[in-house]
Amino acid sequence: MEDSDLSFDPGLEHVLAGETRLSTIDGEAGELVIGGFPLEELAPNATYEEALYLLWNDRLPTEEELSTFRSDLAAHRDLSDGALAAIREAAERRDDAMDAERIGAACASLARPAEEDTDGEVTTHERDAMVAVAQLPTAVAAYWRVANGEEPVAPRDDLTHAANYLWMLTGEEPTDEQVRGLETYLCSVIDHGFNASTYTARVVASTESDVLSAVTGAVGALKGPLHGGAPGPVLDMLEEIADHGDPQTWLTDRLDAGERLMGFGHRVYRVRDPRAAVLSEAAEEFYAGEESAFFDLARDVESAAVSVLDERKPGRSLETNVEFYTAVLLRGVGVPRELFSATFGVSRVGGWTAHCLEQYADNRIVRPRSRYVGETGRTWTPVGER
């Protein structure tokens with residue numbers, strides 16, 4: 001086929017690039033299905049380990065399988081000395097948390113077991129997937145501790161994945177409410193179709209490179225502000241509005257100044273992001289009581305922003321996206337705003353690895369065509385005659 005016969009679709013928005021059993025999105029209806037479960041069924045009920053097992057195995061684990069799976073995952077949490085040294089240097093330089101997460105992904109190979117120490121029933125790719133998921137939280141938490149003048153907290157194998165992450169961040173055992181709030185978040189964002197970072201992972205895997213290389217590339221894609229960078233600014237916005245006291249005026253002033261409102265609009269969804277709905281419910285439960293005023297503020301801001309955006313930009317369908325209530329929920333759980341994007345990676349690595357394993361199972365290297373639009377017919381001129 002000639003290049004002239006191919007259609008050009010910037011951003012590949014209308015290109016069907018593959019098949020997957022992992023998740024599906026209906027942007028018009030505002031629906032997300034993960035592993036066959038509607039998001040609102042999975043996220044409030046599952047632990048992260050259950051959601052991960054579902055993606056890797058296409059079914060939920062039995063009680064015995066879950067216990068074994070949780071233990072196997074916990075066994076890979078410790079960073080190598082080399083990884084910890086590199087993360088410590090990044091923290092002392094005050095590099096971004098996403099840089100530390102990328103370092104953690106790239107250095108995870110230093111801690112993976114040798115081939116001869118791997119269970120014969122576990123493939124190399126499955127082993128690397130387990131290492132990647134287990135080590136990213138440790139890398140992010142170690143970075144945060146060092147960046148704040150404290151020593152890293154060693155992971156514990158008696159805590160769940162979510163609880164251990166909070167433990168490593170603070171050195172304090174989290175409450176059941178904190179753990180459930182974080183579990184809901186991690187399960188809500190574990191996978192989301194062929195987004196930029198996930199497709200990056202699949203492209204790397206399609207070359208038959210290893211899972212850890214694919215995850216490293218995915219972290220690099222996630223670092224870009226167009227993909228994973230808005231939950232922190234959402235929290236900044238909410239706090240500014242709280243100080244200002246009038247959401248409607250604050251929002252209108254920002255739009256008049258040509259600024260964007262963080263936490264609204266999505267490339268795929270034309271209605272409210274279903275993840276926003278699930279995280280909103282989780283946040284409402286978490287904030288019930290003394291801190292309910294902050295959740296009430298967030299809900300008022302959401303209502304005012306959707307109304308103002310509909311008036312200013314009719315037909316654009318700029319509804320609430322996942323980042324809005326990510327900021328609200330993670331603030332309550334106790335995750336620092338500087339780690340919001342990195343915590344997204346702590347969850348999404350489950351999806352990345354699942355997509356890698358799916359790619360390996362029926363692989364064809366990803367090799368799209370391009371259309372040349374440069375000059376032709378040039379002749380060489382020696383350097384002295386230019």
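Tutor: The chain exposes about 19100 Å². Carbon and sulfur atoms supply 47% of that area. This is a predicted model, so every value here is computed from predicted coordinates. Of the 386 residues, 48% count as buried. The C-alpha trace spans about 70 × 55 × 50 Å along its principal axes. A compact globule of 386 residues would have a radius of gyration near 21 Å; the chain has 22 Å, which agrees. The chain holds 17 helices and 3 strands.

The 3 strands form an open sheet, in the order 1-2-3, with antiparallel pairing. Its edges are strand 1 (23–26) and strand 3 (37–38), each of which pairs on one side only.

Take the pairing of strand 1 with strand 2 (residues 31–34). The two run antiparallel and share 4 bridges. Ser 23 has Ile 34 as its bridge partner in strand 2. For Thr 24, the partner in strand 2 is Val 33. The hairpin of strand 1 and strand 2 has 4 residues between the strands. There, Gly 30 takes a positive phi near 70 degrees.

Next, the other side of strand 2. Strand 2 and strand 3 are antiparallel and are joined by 2 bridges.

What about the faces of strand 2? Which residues are covered, and which are uncovered? Leu 32 and Ile 34 make up the covered face. Glu 31 and Val 33 make up the uncovered one.

With 12 residues at 1.5 Å a residue, helix 4 should span 16 Å; its end C-alpha atoms are 16 Å apart, which agrees. Its buried residues are Ala 83, Ile 87, Ala 90 and Ala 91. They cover an arc of only 100 degrees around the axis, so they sit on the same side of helix 4. Asp 81 and Glu 92 are exposed on the other side. The buried residues pack against helix 5 (97–107) and helix 6 (124–147). Just after helix 4, Arg 94 takes a positive phi of about 65 degrees.

The loop between helix 5 and helix 6 holds Thr 123. Thr 123 has a relative accessible area of 39%, so it is partly exposed. Its C-alpha atom is separated by 19 Å from that of Ala 105, 18 residues apart along the chain.

Helix 13 (residues 247–256) has its own buried set: Pro 247, Trp 250, Leu 251 and Leu 255. Seen down the axis, these fall within an arc of 130 degrees, so they line one face of helix 13. They pack against helix 12 (231–244) and helix 15 (292–312).

Last, Val 322. It lies in helix 16 (residues 322–333). Its relative accessibility is 8%, and buried means under 20%, so Val 322 counts as buried. Leaving aside neighbours within four places in sequence, Val 322 is in contact with Val 189, Asp 273, Arg 275, Ala 276 and Leu 279. The C-alpha atoms of Val 322 and Ser 188 are separated by 9.1 Å, although the two are 134 residues apart along the chain.

How values were computed:
Residues numbered from 1 in each chain as written. Predicted model: local features only at pLDDT ≥ 70, side-chain atom pairs only at ≥ 80, totals over all residues. Heavy atoms only, no water. Expected span 1.5 Å × (residues − 1). Buried < 20%, exposed > 50% of the residue type's maximum accessible area, 1.4 Å probe, protein only. Arc of directions from axis to C-beta. Contact = heavy atoms within 4.5 Å. Rg over C-alpha atoms; globule rule 2.2 N^0.38 Å. Areas by Shrake-Rupley, 256 points an atom, 1.4 Å probe, with all protein chains shown as cover. Pairing = 2+ DSSP bridges.
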